Amino acid sequence: MPLDPSFVGRTYPPTTPYEVGREKIREFAEAIGETDPAYLDPEAARALGHPDVIAPPTFPFAITYRAAAQVVEDPELKLDFSRVVHGDQKFTYTRPVAAGDLLSVTVSIESVKSMAGNDLITVRGEVYDADGAHVVTSMMMLVVRAAEGE
């Protein structure tokens with residue numbers, strides 16, 4: 001059964017704040033093979049004008065994906081997660097994520113489309129710091145593959 005496009009615009013409550021730690025940034029940078037000193041060395045990051053080490057550009061996926069679980073688990077949406085694949089991801093930054101940030105994410109359903117029997121749902125994640133300032137917007141497109149026989 002196709003996803004209901006009337007869900008476009010539905011917004012979910014902000015997530016519990018996530019504290020960005022230096023070690024998490026280092027682990028993430030190492031996992032993706034990043035060696036930029038701004039991600040690993042506080043002094044190098046400060047020399048570039050940052051308050052502490054900054055996170056690689058794809059780091060917010062870890063918290064925005066977790067926030068998107070509100071959409072995926074919404075019983076009214078009736079999304080079958082066993083058929084979901086990650087289709088696309090984009091980030092638009094106001095400023096870099098830095099160690100020490102306390103970030104919350106508010107997700108909303110940006111679009112719902114059907115194409116070739118599959119549903120495409122785009123989830124927007126707005127990431128704000130503890131002062132309420134915008135940090136980054138995440139746009140995540142999930143593909144809900146058609147069930148066999150559909």
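Reader: Is Asp 88 buried, partly exposed or exposed?

Author: This is a predicted model. The relative accessibility of Asp 88 is 32%. Buried requires under 20% and exposed over 50%, so Asp 88 counts as partly exposed.

Reader: Where does Asp 129 lie, and which residues does Asp 129 touch?

Author: Asp 129 sits in the loop that links strand S4 (118-128) to strand S5 (134-144). Leaving aside residues up to four places away in sequence, Asp 129 touches Arg 95, Leu 102, Leu 103 and Val 135.

Reader: Is Asp 129 buried or exposed?

Author: The cut-off for buried is under 20% relative accessible area. Asp 129 has 15% relative accessibility, so Asp 129 counts as buried.

Reader: How many residues apart in sequence are the parts that Arg 95 and Asp 129 tie together?

Author: The side chains of Arg 95 and Asp 129 form a salt bridge at 3.2 Å, N to O. Arg 95 belongs to the loop between S2 and S3, while Asp 129 belongs to the loop between S4 and S5, so the parts they tie together are apart in sequence by 34 residues. Arg 95 itself counts as partly exposed, at 26% relative accessibility.

Reader: What is the N to O distance between the side chains of Glu 126 and Arg 124?

Author: Glu 126 is buried, with a relative accessible area of 15%. Arg 124 is partly exposed, at 26%. Their side chains meet in a salt bridge, and the N to O distance is 2.5 Å.

Reader: How far apart are the end C-alpha atoms of helix H4?

Author: Helix H4 has 12 residues, 61-72, and at 1.5 Å a residue should span 16 Å.

Reader: Which residues of H4 are buried?

Author: An α-helix has 3.6 residues a turn, so residues three or four places apart point the same way. What covers the buried residues of H4 includes the strands S1 (18-19), S2 (84-93), S3 (102-115), S4 and S5. Those buried residues are Ile 63, Thr 64, Ala 67, Ala 68, Val 71 and Val 72.

How values were computed: Residues numbered from 1 in each chain as written. Predicted model: local features only at pLDDT ≥ 70, side-chain atom pairs only at ≥ 80, totals over all residues. Heavy atoms only, no water. Helix = DSSP H or I, 4+ residues; strand = E, 2+ residues; numbered from the N terminus. Buried < 20%, exposed > 50% of the residue type's maximum accessible area, 1.4 Å probe, protein only. Contact = heavy atoms within 4.5 Å. Expected span 1.5 Å × (residues − 1). Salt bridge = Lys/Arg side-chain N within 4 Å of Asp/Glu carboxyl O.
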